[in-house]
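Hi,

Here's the structure I promised to pass on.

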Amino acid sequence: MNKSAKIFVAGHRGMVGSAIVRRLQQAGYTHVVTRSRKELDLLDQKAVHAFMAEQKPDYIFIAAAKVGGIQANNVYRAEFLYQNLVIEANLINAAHEAGVQRLMFLGSSCIYPKLAPQPLKEDYLLTGPLEPTNEPYAIAKIAGIKLCEAYNHQYGRQYISVMPTNLYGLNDNYDLNASHVLPALIRKAHEAKQRGDTELVVWGSGTPMREFLYADDLADACVYLMEQGYDGPLVNIGTGTDVTIKELAETVVKVLGFKGQLAFDASKPDGTPRKLMDVSRLASLGWTAKTRLPEGIALAYQDFLAKLG
Ligand code: GFB
């Protein structure tokens, strides 16, 4: 990518989009284009087409999506399916119509079958039934991958798809009903410590296993792949190691200094038992994650505290 190339980052206010913008700016890219939701509603097909026709970016990163943790995915099933389908369809189709040649679409590890062998290889896509709690989101993301593949196949576009594992980092969502597990545990541990509680409630059994990638590492991988001119099939982005939710909770309370006990609320869903990414494709392209979990948790906690004011 030329340092003066016009690069549109869709979703720049979110955790992932803001990390990509930060990474691009650090690397000296001078023409990064962003639009707030007020300036450009990505659900509005006409507006997205007009924006794309006017801007004609050289590169696009699609980090805009309706996202959330296990509960939000499970409850707001219609919004997760509809909004994600429309956002990605508007952006990918408008990019093609405007003649944009290079685009990166960000998906999620939940696109893989619930009971796929571990670690999850890219080839396992569409080999079995999905995890029910996030099936709508996964179906929308799979449609996005297939849309990119179709434009590549039919029109010679270079629209690549990357599948990040579970993410955390700066600008995360700390709303306990909508957030992912890691920000939820940071908030719960912080508040429990402040109140002097003796117990912290963790959802589910604590036995599911998850892999956690710091969002700035993800952004680094995304920019790296674009800079390399990577033009192949979808690529997993993760660390290659996972922990149980119980181990995660133990790490969070240790980093934050909460001294009480963990309790497990079995009335909440566990979701998929395990989703560890096979990151060998990414490693063969020369990229590996850097931020270790306790260090990343400490950085996310600093950001959480800073935003509390
Ligand atoms: O991060 P999370 O919400 O999403 O939950 P998924 C991961 C695991 O942590 C589940 C447990 O087993 C939860 O039951 N957990 C424990 C908690 N305590 C909490 C808590 O306080 N809050 C939350 N949220 N979880 C999402 C998908 O699945 O992962 C999305 O729904 C997306 O589609 C995303 O793919 C990456 O890892 O289960």
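First, a polar contact here is a pair of N or O atoms within 3.5 Å. This is a predicted model, so to speak of local features we need pLDDT of at least 70, and side-chain atom pairs count only at pLDDT 80 or more, while totals for chains, interfaces and linings use all residues. Residues are numbered from 1 along each chain as its sequence is written, and side-chain values use heavy atoms, with hydrogens and water left out.

On to the ligand. One of its oxygen atoms sits 2.7 Å from a polar backbone atom of isoleucine 70, and a ligand nitrogen is 2.9 Å from a polar backbone atom of tryptophan 203. There's also a ligand oxygen 3.3 Å from an N or O atom in the side chain of lysine 275. The protein covers 97% of the 710 Å² of accessible area that the ligand has on its own (Shrake-Rupley, 1.4 Å probe).

The ligand is surrounded by 22 residues, the closest being Ile70, Lys188, Arg210, Pro269 and Asp270 (near means a heavy atom within 4 Å). Helix 6 gives the most to this shell, with three residues (helices are DSSP runs of H or I, at least four residues, numbered from the N terminus).

Cheers

Technical notes:
A polar contact is a pair of N or O atoms within 3.5 Å; within protein, one must be able to donate a hydrogen and the other to accept it, and residues adjacent in sequence count only if both atoms are side-chain atoms. Helices (H or I, at least four residues) and strands (E, at least two) are DSSP runs, numbered from the N terminus.
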